[in-house]
Amino acid sequence: MIPRNYLVFALGMAAALAGGWLAFPRALYRTVEQPLQFSHAVHVGESVGMACQDCHSLAEDGRFSGLPKIDLCAPCHTDPMGDSENEKKLVESYVIPNVEIPWLVYARQPENAYFAHAPHLVLAELTCEQCHGPHGETDTLRPLEQNRITGYSRDIWGRSLTRVRNAEGEGMKMSDCSSCHRDRRVRESCLTCHK
Amino acid sequence: MKTNVTRRDMLTLGGGVAVGSMLTPAPWLLLDDLAIWTQNWKWIPVPPKGVRTSQKTVCSLCPAGCAVEAGCVGGIPVALRAAADGAPLCSLGMTGHHLAWHPARLTAPVRVAASGGEARLTAVPREAIVREVADAMRSQGRGTIAVLDFRPGRGVSWAWRNLLAGFEGAAVIPAPGSPGSGLRAMRGFAPDTQGEWVPDLDHATAILSFGAPLADGWGGARTRARLMDGTGLRLIQVEPARSSTAALATRWIPARPGSEGAVALGVASALASADPQIASRCEEILPLLERLTPERAAEIAGIPAESIFEAAQMLLDHPRSLAVPGESFAGGRFDPTTELAILSLNVILGRIGAEGGIVTRAPLADPVDGAHLAPMRELDETPDASIGVLIVDASAGEEPLPWPSVARKLAPRALAVALSPFAAGSSLHAGRVISVPAYLEAIHEVPRACDVAMAALSISRPLLAARVGSADPASVVREIAASAGVELEGDWSSTEELIALRTAQIHRSGVGRLEGGEAGSPDELRDAMLEGARWTTEPVYHQIRMSISTEMAHRLATIEGTRREDLVVVPRTSPDAAWSAVLSPLFTKLHQESGLRREGGVAVVNPATAREKRLRPGQKAVIRTAQGRVVARVEVDHAVMPDVIELTVGPTPLALGQSRNRVISNSLDVCGSSGTGWRCTPAAIEEA
Amino acid sequence: MVGEERVARYGMVIDLDRCNGCGACMTACAVENNIPPAQPRVNERTGLTSMRVHRASNHRGFPDHEEVFIPISCQHCGEHTPCMSVCPQNAVDVNPLTGVVSQIPARCLGCRYCMAACPVHARYFNWFDPEWPEGMERTLNPDVSVRMRGVVEKCNFCHSRYQAAKAKAAAAGSREIDPADYVPACVEACPSGAIVFGDLSDPESDVALAAKSSDAFRLLESLGTDPKVYYLSEREWVRRLGGADVTRDSLEVHRG
């Protein structure tokens, strides 16, 4: 017969394990939808045929454009070209009044982190997927799972709560960048990535 | 088995929960999140994000007009630096983009009431102020109308003169103490000169400077560069303190403040004895020069007589040399007699109109030709208690000015209105203030100050949208004219249109050239200037014979009786802080957070003077002059001449945006006596 | 794999005969690095000026009294870096590729041990939360983060400009920056051209040549910290200041 104490202890442990592994992630992250749905697949696919660099480009002075501004969408979308609700919303709420779309950024980092795309794209020859996952092939934009305490995306910690990697491009914490730098023997220093 | 829950059960359960949660990601993630959360408080400002652009404009904060390249984020300037090949910006220019958000910024016209030395502001509609001014202008018996223009030469300056043209006795008063204003005294020698008198510093090989801050902005950065290069420019600097110009000079002559006139006449005396041709040009004052020998002058000034002979020799040896009076940044001009003595040196040397001497430059073309214009009149020439309506135009900046010198000229019930972006400086003295755009919010012209022989004009392009509630100064002139029933010349209603008219006139005249741009049509000229190109001319030389009149000789004779004052107070401020009523709060780095510059209201004396007057450093002392009294903190420094009090004038906490108290008075107010400027004032000091 | 990048040693040479104490370097530093303006009760001891111009004099009476202005920022000591060796948080490190001594405010816990260790008082504490007049935050430099109170900061040779220069070089496929792209704010702002900046390990650079001049000296060289900021003066009494005590705003030659 199992002693009562052990049972109670086990009950406590079970409750904690369940809470920590199942309920906690749901409670910690709040799901926020993007303001507009956008299909990378459509724009990259055969009918439109754009390349990544058409909207996410590296300028000559080394700055990365990040997310495109509304004046990149405007030339094609001055009038709705299809009959999707999303496109209608794009044209009416953003293109015509010339308002920037308040995209939610999965990869947003704190102010003191500095990341330059130029050395990674040009010198290290990394592909977008290696850090951002297969984002460029998706048909919809997944919602942002926002950490209720810090305000940053779940993508930074990584989907896997134990940080044991499942997929490539998961996790953008300092240790993720550091381990790749170590593998490639980049001589590191604090100021390389902090501002 | 027992089923009631005991305390032991709860503790065991708690233990299980604790051990279990350690095996989940929860505590580790929470610790990490807590760390991030504590580093990203919501009240820590976050720098702006947005598209980065680079815009060119011209700094209009002072007459140097340095070309500026502004790095902007989302259209708002975040960094101002010199445009390529241009002179680096000073601390004021570098932080100019902060001024639009200065705490003392006015966003609506106000009425100012003084109470207990502080100003209280109440918002009033601009139409009310305009109507009041127009009514006061029309009513007779109140006094004359005057506009105090801190940046004369602009299109708006012309508009003021046009507005005042029909009113008897009305005049525009140019800023009393800005660089080069001492040269205006040349009018005494040639009253009918069309243009402005300016020193041809660029072509001089030897300069006898009486306090001119040549290394701190005179002549743009060029004179400074020439001094530092050691390319043979000889400079003798007559100044009571070892300023940065004095440190770079070939010789520094530490003459007592107030003795500069004697030094100038001592040099004239040495010149007259050395060269009979010079003696023949100063016949009227030869008897005076025989009494006021170099030795006697040296005695008055407290310097060795060799210095005076050296200065005279330098002027003789260099045909392209000149003597120039310099306005100090806080002290303004010399008294008229001293200016006369200094300028006389150029007359007797025959340097008027010659290369490297004192020359005239044509005034900038007016926006409309042949308009009726009110005259320009110096503050000193304005009779006391004569001004009934005073409009202070500080819309493009202002220099330190002891308000009592201006207040003295106002009639008993005078109306004073200021145009200023800030509730600080001169605007706190006026009864009404019309809010105007701040630096970078509106288009400005930058005409050259009278310290350079080449006339030049730049245009400062706005980079920010003007606030609602700020009025364009030119449109204010229009509104006043309409309300007062005055008809103005030309078809314009804004500063931008005035500038367009002027650039069209410049283009039509065919005079001058464009530096840094190409222009075929008036529109192209204006567009090139908006992109930073500067229109400039070449100096024109033709030697003019002038002489010293009997009346001048009488005035100069008074220098012989220069008394050695027991103690004088000399106001001091830094060059970059002298051009604006308010400074960026970052100026606290220079004043408060380091020992580099002193804050306003400090009386610095030589240790010998401190011992004599029984003053201890750090103590408060009262300085008394004929103008009033001020309490200052005493500091002791060997850099200050004995028997001189260097009184620092600014910036005040209000100017730095550190104080909500709108204190009206400034320590500078204690300086000045009737008709002789405020550069050096006899004073008494004692511990408070 | 990553190619071997050239090791640089960035340093400065400041000509004290050209410096006239205008303070433009201090202002430029504050603008570039988002340093907040002072609260009303701040003084020299609690001020935050990553570049600070100190004063010293020849201690003679008027009119022989002469002053010299000495801009002092972090000297980026290369050997036994005092601040790095005392930091309990590892918030300070020396970049092996540039020689720049970094200070990461996010990691600092505010013990101020490094401030005590720095022989030239070049480290400053954020005694207050940063506060700008309303609306002025829109003029902040987006390349530099804003620090909260309770952390130490100091000059880092405008590393944000170095990062921008590296990104620009990388976009063109190069690992070497163009020296003209990396000019710290104080160097750019000096109207006398008194500050020269560059790679001390490049024997032909202006800064390396100036550092070898017989008029060059460093502050507190006897401590053996190998600072990378050199000073130049033709005046003997100024050169002797290299051995002086550095106080909050002046250098006092130790007598006796």
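Analyst: Buried residues make up 57% of the 688 residues in chain B. This is a predicted model. Chain B holds 20 helices and 27 strands. Its radius of gyration is 29 Å, close to the 26 Å that the globule rule gives for 688 residues, so chain B is as compact as a globular protein of that length. Along the principal axes, the C-alpha atoms of chain B fill a box of roughly 130 × 65 × 55 Å. Take the contacts in chain B between residues at least 6 apart in sequence: 73% of them join residues at least 24 apart.

Now the helix pair. Two packed helices are described by the angle between their axes and the distance between the axes. Here the partners are helix H5 of chain B, residues 155-164, and helix H15 of chain B, residues 473-484. Their axes come within 9 Å. They cross at roughly 10°. An angle under 35 degrees counts as roughly parallel, and H5(B) and H15(B) are therefore roughly parallel to each other.

Which residues make the contact between H5(B) and H15(B)? From H5(B) come B:Val156, B:Ala159, B:Trp160 and B:Leu163. They meet B:Pro473, B:Ala474, B:Val477, B:Ile480 and B:Ala481 in H15(B). The residues of this contact divide into 9 nonpolar, no polar and no charged.

A loop residue gives another view of chain B. B:Ala578 is found in the loop between strand S21 (568-572) and helix H19 (588-591). B:Ala578 has 25 C-beta neighbours inside 10 Å, so it counts as buried; the cut-off is 20 or more. Leaving aside residues up to four places away in sequence, B:Ala578 touches B:Phe329, B:Ala330, B:Glu399, B:Pro400 and B:Thr573. B:Glu398 is 180 residues from B:Ala578 in sequence. In space, C-alpha to C-alpha, B:Ala578 and B:Glu398 are 7.9 Å apart.

Last, the partner chain. The contact between chains A and B takes 23 residues from chain A and 23 residues from chain B. On the side of chain A that touches chain B, helix H1 (residues 4-28) of chain A gives the most, with 14 residues. That side of chain A divides into 14 nonpolar, 6 polar and 3 charged residues. The H5(B) and H15(B) contact, by comparison, has no polar and no charged residues.

Methods:
Residues are numbered from 1 along each chain as its sequence is written. Chains are lettered from A and ligands numbered from 1 in the order in which they are written. This is a predicted model: local features need pLDDT of at least 70, side-chain atom pairs count only at pLDDT 80 or more; totals for chains, interfaces and linings use all residues. Axes are lines fitted to C-alpha atoms, for helices over the stretch in contact, and angles run from 0 to 180 degrees between N-to-C directions. Helices (H or I, at least four residues) and strands (E, at least two) are DSSP runs, numbered from the N terminus. Angles under 35 degrees count as roughly parallel, over 145 as roughly antiparallel, 65 to 115 as roughly perpendicular and the rest as oblique. Two residues are in contact if their C-beta atoms, placed from the backbone, lie within 7 Å. Ala, Val, Leu, Ile, Met, Phe, Trp, Tyr, Cys and Pro count as nonpolar, Asp, Glu, Lys and Arg as charged, and the others, Gly among them, as polar. The radius of gyration is taken over C-alpha atoms; the globule rule is 2.2 Å times the number of residues to the power 0.38. A residue is buried if 20 or more other C-beta atoms lie within 10 Å of its own, exposed if 12 or fewer, and partly exposed in between; C-beta atoms are placed from the backbone.
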